[in-house]
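Please keep the sequence and the coordinates at hand while reading.

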Amino acid sequence: MKLAVEVVDATGLTPKDGHGSCNPFVQVEFDRQRQRTTTKLKALSPSWNETFLFELSDPSILRDLAIEISVFHDHLADHSTGDPRKVRRRFFASGHGEQHSFLGYARISGDAIASSPSTATVKSFQLKKRGVFSHVRGDIAIRVSVIPDSDKALQGSLVDLWRMKTQKKSEFMPNERLPNPDDYLLKEIRPIIPAFHGRKSSEKTRPGPLYDLVQTMKLFYVHIMKARNLPTSTSPYVETCAFNYQGFTKPSDEDQEPMWNEVFAFPCQNIQSELLRITVKDKGNANDGYVGRISLDLEKCGFFGNLQSSEGYETEDIMGGALPNPDTINNMSIAPQWYKLEDQNEQEFANGEIMISMWLGTQADEAFQDSWRWDKGHIKNNRSMIYYSPKLVYLHLLAIGAKDLVPVGTSRLTNASLKVQIGEQIRQTAPVLIIGAGNPTWNEELIFVATDPSDEPIVITLVDHIAANCEELLGSITLSISNIPRVHELHSKPVQPKWHDLTKPGAQIIAKVQLCVSLDFRYHVIDESPRKSSDFQPASKDLTRSCIGKLEVGIIGIRALVPMKVRKGIPITDAYCVAKYGPKWVRTRTVVDSLSPRWNEQYFWDVFDLCTVFTIAAFDDCRFGPQTSNDARDNRIGNISIRLSNLESGRIYAHSYPLLILLPSGLKKMGELQLVVRFTCSSWVKTMARYGTPLEPKIHYMQPISEALLDGLQRSAVQTICRDILARADPSIPKEVVEYLLESDLSSVWSIRKSKAEFFRVMAVVSGIFSFVKWLNDIRAWKKPIMTVLVDALFVILVCFPWIIPPGIFFSLFLINIWNYKSRPELPQHVDVRLSRLDGSHPDELDEEFDDFPSTRSSDILRMRYDRLRSVLGRVQTVAADCATQGERLRALLSWQDTRATTICVTLLFLTSFSLYLLPSRVTFGIIGLYLLNWPSHDRLPSVPLNFFRRSPGNLDLMLC
């Protein structure tokens, strides 16, 4: 049977658009089925006449069901006219927190439903409130009836009527789909992981964390070891085929007794054949000649039953499902043994044999990293890796002065300076003019970023500035970092300066220079963006803080990944992830040719401070590109940052994070990265005590480094990390990846989008003050008489008993925080698209943000942007002028610019001071408070003090406009 609900009209709805009207639509819900009407523009008494059909599976339970009719105001309709892109921008820029506002609801019980359309009448229902504080009014007219299945004609007419109405062009909705804010939100998932099933992996021999936060990948391993007594061959290799996958070993140089020692890992899913086929071929032959093969029936070997039990487990959808018992994974194995090779007629050779072994395992198996895998691709060293940043320290070099300088000549004066170079870092002191046989004195400190240990030399050069951009070498000296004194203790003695000989290329000593050089291990070298710092530890082990917990992260995979390139006409992506926390970097393996890559890799980090950020980013590997070159760069897919202070100890956070990237064309969602995160606190006392300690090492506050120097040192630290990781790692982390995670490539150039975001952040902070002022004005205006009387009574009590004010304030804050505990955020914080003003940015604003500095745009575009900047700054200038005028008026009252106004002010100050001396403080504050909470005036004129203040002169009339 069908249930027909006709929404006729509504009357007397509540205005919601701020202009005395609303844009209503009706949502009908019955038995977990939901449908809605179209939106009517600017109508407090709209008419719809729309009919909806609902499935009624069991008519006997109709009496126990109910129809809920809800009326909403659609904010989107306020911004519906014009171009669809402008509609989107106007909606998100309007500041609405929700798309819909509640206007009321009505509930129709099953007893009130007519049994046939002929007996159904239009009934009016009064709209009800959803909560105590809801402001609802109006009625809605509904007609409901039950239609039997035999009456197909009536059902068809109603369906045609509904289709005809819904196929009409909407009165407010543009043709282009508006952005859905839910696409940018976190989504909680329920992956099939052992941690959710109350048990962990049984793999106890592998060092590191157990794989309890990722999905257990059941794999079938085949170890191709060696062969003997092969028929004639020059370069044999092995082809292994199982479960519709095919892998190859490397060709061997041995012809008769080759050794490969390679492992193949096949996923136990979508099994269509129980046959394992291993074929030995000859690479030296023109057509890779056939040497021999073996075929094994896995069902007879006892494998196929275990494989079928796990078939379909590793699926694209990781939500829900049953977890196989991990204790049975490694029980099935076959020890290495020799197998007779067969010819093409399945006849065994007399002597040819091959040794292989087979077993069932998981990604926690030791052979997994170096094995051939179905998602590995044909690339060298495609494996997950763990890296550690080099130990960075600050090198302080104090250039004091020089003596015994050999004169350059008598024709000109010497303008000497000291230039110091460590690697790619070059610093130089200010030039000092030397007159006669004088000695130059600099007393200037230069700071560098160095690694420990390091073999880079320190090249110190004394140069003479002959002219602009023209220098002459006077002498140089090379020092070794390994011989420089090290400072580890917080209150250590200062390093004593030493004299060093400066020589020319001919080994002639031309001067002595006094230097004070030291490696300071007390500082933390800043290499990250301040908003995403993951480490504050000093380089000295003696000053390192103790560990307070462990962070575990399970990288499951990415869903709905956007194709990044085209290979053989097919859009694909070769994705991998890089995670960083503290000095530890992690790189997953690259999953080739997949738009839904799965890694299922788990890592852990030691936590020393909760006020830190964990960062992970996804990239497209350029090594698999159609035209790979040395200059190819890995494309960004997106990054995610998780602040550890928002995580509860012991709780497992399994969420799907949207990967967002800002392009000149706008905000783009690249996919959803699925992570499982768990923070475990090892000491609750240390964790709580850490909140009272300084964020950075103590030396940063005792001997701070200027902000101007820190910016340059941070760039030097990033370059040092890139050079170190690129030099010693294989596979390495590309330079663009390191810079992206450390946010060293962020531009500090002004952007109108960022300015808007910062402005709205400030307004959100001060919105509480504005709300309090508005509430106070409502109290003064007696808009709510009961509230005004209660506030006046409370004020009188506080005046009479002032000692309860301080404890009352703190106790109120205590109660407010206790009340807010139930509304605490349940999800980790993620990028707020609306806070960043990414959803409503104009294309020209984004083009300006991505423009180079200096700009490379045409003169017409620059002129337009300059005019827009003048318009914005003109409003800022007006606000600044108003603020200055108010301050000048206050100063003018005491400077006798207006003699009459100052006379009145002085008289009032004398009377006020005399009154405050005579009257008790309670009476004084009571009179002031009651004056502020006075009865509303009917003329609505400004108060006398405000009129007096506005008449005070300012300096605006002195400016030449």
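Predicted model: local features only at pLDDT ≥ 70, side-chain atom pairs only at ≥ 80, totals over all residues.

Residues are numbered from 1 along each chain as its sequence is written, and side-chain values use heavy atoms, with hydrogens and water left out.

**Chain totals**

- The chain contains 15 helices and 39 strands, where helices (H or I, at least four residues) and strands (E, at least two) are DSSP runs numbered from the N terminus.
- Of the 961 residues in the chain, 43% are buried, with buried meaning under 20% relative accessible area, exposed over 50%, and partly exposed in between (1.4 Å probe, protein chains only).
- Among contacts (heavy atoms within 4.5 Å) between residues at least 6 apart in sequence, 71% join residues at least 24 apart.
- The accessible surface comes to about 52100 Å², and 56% of this belongs to carbon and sulfur atoms; accessible areas come from the Shrake-Rupley method with a 1.4 Å probe, and for residues only the protein chains shown count as cover.

- Leu 673 touches Gly 557, Ile 558, Cys 577, Trp 599, Ile 616, Ile 640, His 655, Ser 656, Tyr 657 and Leu 659, when residues up to four places away in sequence are not counted.

**The five-stranded sheet**

- An open sheet of 5 strands runs in the order β19-β34-β33-β36-β37 with antiparallel pairing, two strands being paired if DSSP finds at least two bridges between them.
- Its edge strands are β19 (385-388) and β37 (635-643), each of which pairs on one side only.
- Neighbouring strands of this sheet are turned against each other by 15 degrees on average, direction ignored; the axes are lines fitted to C-alpha atoms, for helices over the stretch in contact, and angles run from 0 to 180 degrees between N-to-C directions.

**The four-stranded sheet**

- A further open sheet, of 4 strands, has the order β3-β2-β5-β6, and its pairing is antiparallel.
- At the edges stand β3 (33-36) and β6 (100-109), each with a single partner strand, so one side of each is left without a neighbour in the sheet.
- Here neighbouring strands are turned by 20 degrees against each other on average, direction ignored.
- Strand β2 (residues 24-30) is joined to β3 by 4 bridges in an antiparallel arrangement, with Phe 30 opposite Gln 33 in β3.

**Around Asp 609**

- Asp 609 lies in the loop between β35 (598-607) and β36 (613-620), and it is buried, with a relative accessible area of 8%.
- A polar contact of 3.3 Å joins the side chains of Asp 609 and Arg 545; such a contact is a pair of N or O atoms within 3.5 Å, where within protein one must be able to donate a hydrogen and the other to accept it, and residues adjacent in sequence count only if both atoms are side-chain atoms.
- Not counting residues up to four places away in sequence, Asp 609 touches Arg 545, Ile 548, Tyr 581, Arg 690 and Leu 695.

- Strands β11 (residues 236-242) and β12 (residues 245-248) run antiparallel and are joined by 4 bridges, and the bridge partner of Glu 239 in β12 is Phe 248.
- The hairpin of β11 and β12 has 2 residues between the strands, and Phe 243 takes a positive phi near 55 degrees.
- Thr 279, found in strand β14 (residues 275-282), counts as buried at 7% relative accessibility.
- Leaving aside neighbours within four places in sequence, Thr 279 is in contact with Tyr 237, Val 238, Glu 239, Tyr 290, Gly 292 and Arg 293.

**Helix α7**

- Helix α7 (residues 735-742) is mostly covered, with 7 of its 8 residues buried, including Glu 736, Glu 739 and Tyr 740.
- Glu 743, which follows α7, has a positive phi near 55 degrees.
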